[in-house]
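Please keep the picture in view while I talk.

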Amino acid sequence: MFGSTVRGTAVAAVVLAGFAVSCDADPAAPAAAPAASAPVSASVAVPAPASAAAGRSGSGPAAAPAASGGPDALPGAAPEKVRDAFAGLQATLNDACTPAGCAHFLGRVHDELHRLDAAMKADPKGPGHFPEPIALIAELDAQLAGDRSFTNLKEHQTLLISTRDRINTWMQGHPDDYR
């Protein structure tokens, strides 16, 4: 019983720290990479704020998350499953670039694509099992040239969204990879 209370307290502290960091961030600045972490509960999906990762200034290039589960993953933690990362990408399908939330939306699509990329590269089947999605993300990254500022994401919005949609279509044709 004590172990689960300590674990719950630790999870709550991490979530609160993420929210505290996001409150200090410039609201117009998009996030650099997804905050991929182990799910808190299978029935509750709490998306991390786009600017919650530590060390993000909102300007300049940022690296995609490491194949070990992202920058916020615990050392030695198992990499994120492709199905979980794909669910995050699918969650963006009904969203749009509205005047009040375009920076958040485009940053989130970018982050979810890179979260999926890291999960595919860390998958036991190997990155060769996901050639098209990984190639599409690499093509997007080449066009973005490391600049994930809102201005650059907005300029490449069509490519960003079409990359998401093409990967979604590819994954739908490979249901064994995410179920």
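Predicted model: local features only at pLDDT ≥ 70, side-chain atom pairs only at ≥ 80, totals over all residues.

Let me begin with Leu159, which has its place in helix H6, where helices (H or I, at least four residues) and strands (E, at least two) are DSSP runs, numbered from the N terminus. Residues are numbered from 1 along each chain as its sequence is written, and side-chain values use heavy atoms, with hydrogens and water left out.

Is Leu159 buried or exposed, or partly exposed? With a relative accessibility of 22%, Leu159 counts as partly exposed; buried means under 20% relative accessible area, exposed over 50%, and partly exposed in between, with a 1.4 Å probe and protein chains only. Leaving aside residues up to four places away in sequence, Leu159 touches Glu139, Leu140 and Gln143, a contact being heavy atoms within 4.5 Å. Between the C-alpha atoms of Leu159 and Leu144, which are 15 residues apart along the chain, the separation is 9.7 Å.

Helix H6 (157-172) also belongs to what covers the buried residues of H2, as does helix H3 (102-122). In H2 itself, residues 82-90, the buried residues are Val82, Ala85, Phe86, Gly88 and Leu89. Seen down the axis of H2, these buried residues fall within an arc of 155°, so they line one face of the helix; the arc is that of the directions from the helix axis to the C-beta atoms.

Next comes the loop between H2 and H3, which is where Thr92 sits. Thr92 is buried, at a relative accessible area of 0%, and its contacts beyond four places in sequence are Phe105, Arg108, Val109, Glu112 and Arg164.

Two of those partners lead us to the salt bridges, each defined as a side-chain nitrogen of Lys or Arg within 4 Å of a carboxyl oxygen of Asp or Glu. By this rule the count comes to seven. Arg108 pairs with Asp95, the closest N and O atoms being 3.0 Å apart. Because Arg108 lies in helix H3 and Asp95 in the loop between H2 and H3, the pair ties together parts that are 13 residues apart in sequence. Arg108 counts as buried, at 19% relative accessibility, whereas Asp95 is partly exposed at 35%.

Glu112, for its part, forms a salt bridge with Arg115, with closest N and O atoms 2.8 Å apart, and both residues are buried. Salt bridges that share partners join Glu80, Glu112 and Arg115 into one network.

What does a search of the whole structure find in the way of disulfides? There is one disulfide, formed by Cys97 and Cys102 with their sulfur atoms 1.4 Å apart, the criterion being a pair of cysteine sulfur atoms within 2.5 Å. The torsion about the S-S bond of Cys97 and Cys102 is about -60°, so the disulfide is left-handed. Cys97 is partly exposed at 23%, while Cys102 is buried at 6%.

Finally, the chain as a whole. Its secondary structure comes to six helices and zero strands, and buried residues make up 37% of its 179 residues. Of the contacts in the chain with a separation of 6 or more, 72% are between residues 24 or more positions apart.
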